[in-house]
Amino acid sequence: MSVTAVKQPNWFSRLAHPGQFLNWSRYFVWPLAILTAIGFAVGLWFAFFASPEDYQMGDMVRVLYIHVPNAWLSMLVYGVMAAAALGSLVWRHPLADVANKAAAPLGAVFTAITLFTGALWGRPTWGTFWEWDGRMTSELVLLLIYLGIIALWRSFDDQGKAGRIVAIVTLVGAINIPIIHYSVEWWNTLHQGATVFTATGPKLPGSMLIALFTMLFAFTLFFALLQIVRMRTEILRRRAESMSRQAALRGVSA
Amino acid sequence: MSAFSALIGRELKLAFRAGGEALVLVLFFIMVGVIVPFAIGPDRPMLSRLSPGIVWIAAFLSTLLGLDRLFRADDEDGSLTLLRHSALPLEAIVFGKLIAHWLVTAVPLLLATPILALLLSMSVEQWWRTALALLIGTPALTAFGAIGAAVTVGLRRGGLVAPVLILPLSIPVMIFGVGMLDPMTGGGATLFLLALSLVVTAFSPFAAALALRTAGE
């Protein structure tokens, strides 16, 4: 008989163990919340007072500082969900399932805010709340995909099985989103092209860039904060569920 | 290969002998075309202008309606478990079921398009272009649908969730399918639609088989 060496888990799987996650993530919640609050305070000050009006749109241009960060997050959150989906399918990691489940409603809300602020912005500048333009339409389709994924999560009784099934749909969607985006662009286009990241450098004045990037930073921190809190809640909820199930079992057998 | 063709044969036999569901789908397809003039008025030039879009919407809805019969019955009576243990890989089985499903649900729709063309006063050119677009595009619809059906196979409420999941994903099929009728962009759209159909048909058996395995665990 030989003694089989127990494989030492690496740092990542130690951190990603649900119980360990609950332990270390608790120290991130308040610092993240404070950083987010500071980020929003600074960003909003720049957005409202320290950046110029647009010569055509006037104060309306300030919608930019909400609209662009939310649009960025609407795509970042899907990226996070796709990465989590890989984690569920390849490593069958329960924390990856939890991450996907926690992120889906956040992504849906960020996408909805993008569409809403876009509509508010479009009315005075383009003269319409809604236009079937390429980027707007693909953002709307993204919202529909988020809602479909949430519906799929909710229609499973067994959340353990749901994780891997939803992961498959998330990855199929991730492959599809570029196809949808380019097909819709091909179909119809009105939205303005890239303004910040162009080959010739940004086409915005510096003060607007500071405001925009501060808001981008603040919103991304905000997402990280909400994601961690939602993941903690989901883990605790699952734990509570399994505890109540065990209690019921003991009650029956006793 | 013989097991593969036997599987397709089984699917076709089941479809033709058990109640003629395919005909019901065709009936639904035509009915969607029939109710549209009641909704928008019997103006023939306008109907003719809208007709390719109407036919595509009808085809979309019929495809979604037929999704449930792809894996549901086999899952309920246990033949899906049996198929999972056969010598053929599950991916090949899904591909075979996909081919059979396309033959049973999409080809009758193609054959029914002349009736809709007549009712919606399409020109002959509009009709054959739409039929060609459907011929190229329906494999993609069926393949997307197979993913939706496989993902929801174990769910009691799956019948409603699958269309909601699949519809946004199949928007490019609709865009290029209707785009094929535009004389300016028709050529590009045809190539895009062909590419999309081929890619999705090649990819879908793997995703669907993965979902079926997960659901069966």
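Predicted model: local features only at pLDDT ≥ 70, side-chain atom pairs only at ≥ 80, totals over all residues.

Tutor: A quick word on names: helices here are DSSP runs of H or I at least four residues long, and they are numbered from the N terminus.

Let's start with the setting. Of the contacts in chain B between residues at least 6 apart in sequence, 81% link residues at least 24 apart.

The part I'd zoom in on is α7(B), which covers residues 124-151. One partner is α6(B), residues 90-119: the two axes come within 9 Å and cross at roughly 150 degrees. That angle makes α6(B) roughly antiparallel to α7(B), and their crossing is right-handed. On the α6(B) side, the residues that meet α7(B) include Val94(B), Leu98(B), His101(B), Trp102(B) and Pro114(B). From α7(B), the ones facing them include Trp127(B), Leu134(B), Leu135(B), Pro139(B) and Ala146(B). By class, this contact has 15 nonpolar, five polar and no charged residues.

What sits in the loop between these two helices? Ser121(B) does. Its phi is near 45 degrees, a positive value in a residue other than glycine. Ser121(B) has 17 other C-beta atoms within 10 Å and so counts as partly exposed.

Another partner of α7(B) is α3(B), residues 44-66. Here the axes come within 10 Å and cross at roughly 25 degrees, which makes α3(B) roughly parallel to α7(B). This crossing is right-handed too. Among the α3(B) residues involved are Ser51(B), Pro52(B), Val55(B), Phe60(B) and Thr63(B). They meet a set in α7(B) that includes Gln126(B), Thr130(B), Leu134(B), Thr138(B) and Gly145(B). The class make-up is seven nonpolar, seven polar and no charged residues. If you go back to the α6(B) contact, you'll find Thr130(B), Leu134(B), Thr138(B) and Thr142(B) in the list for α7(B), and these four turn up again in the contact with α3(B).

Now look toward the other chain. In total, 18 residues of chain B are in contact with 21 residues of chain A. Our helix takes part: α7, α8 (158-169), α9 (171-179) and α10 (186-216) of chain B each give two or more residues to the side that touches chain A. The residues on that side divide into 16 nonpolar, one polar and one charged.

And what is chain A like? It has seven helices and zero strands, and 33% of its 254 residues count as buried. Of its contacts between residues at least 6 apart in sequence, 79% join residues at least 24 apart.

α5 (134-155) and α6 (159-187) of chain A pack at about 165 degrees, with their axes 9 Å apart. They are therefore roughly antiparallel to each other, and their crossing is right-handed. Residues such as Val141(A), Ile145(A) and Trp153(A) in α5(A) belong to this contact, as do Val166(A), Gly173(A) and His181(A) in α6(A). Sorted by class, the contact has 13 nonpolar, six polar and one charged residues.

Arg92(A) counts as partly exposed because it has 13 C-beta neighbours inside 10 Å.

Note on methods
Residues numbered from 1 in each chain as written. Chains lettered and ligands numbered in written order. Contact = placed C-beta atoms within 7 Å. Axes fitted to C-alpha atoms, helices over the stretch in contact; angles between N-to-C directions. Parallel < 35°, antiparallel > 145°, perpendicular 65-115°, else oblique. Left-handed = near helix turned anticlockwise from the far one by under 90°. Nonpolar A, V, L, I, M, F, W, Y, C, P; charged D, E, K, R; others polar. Buried ≥ 20, exposed ≤ 12 C-beta atoms within 10 Å, placed from the backbone.
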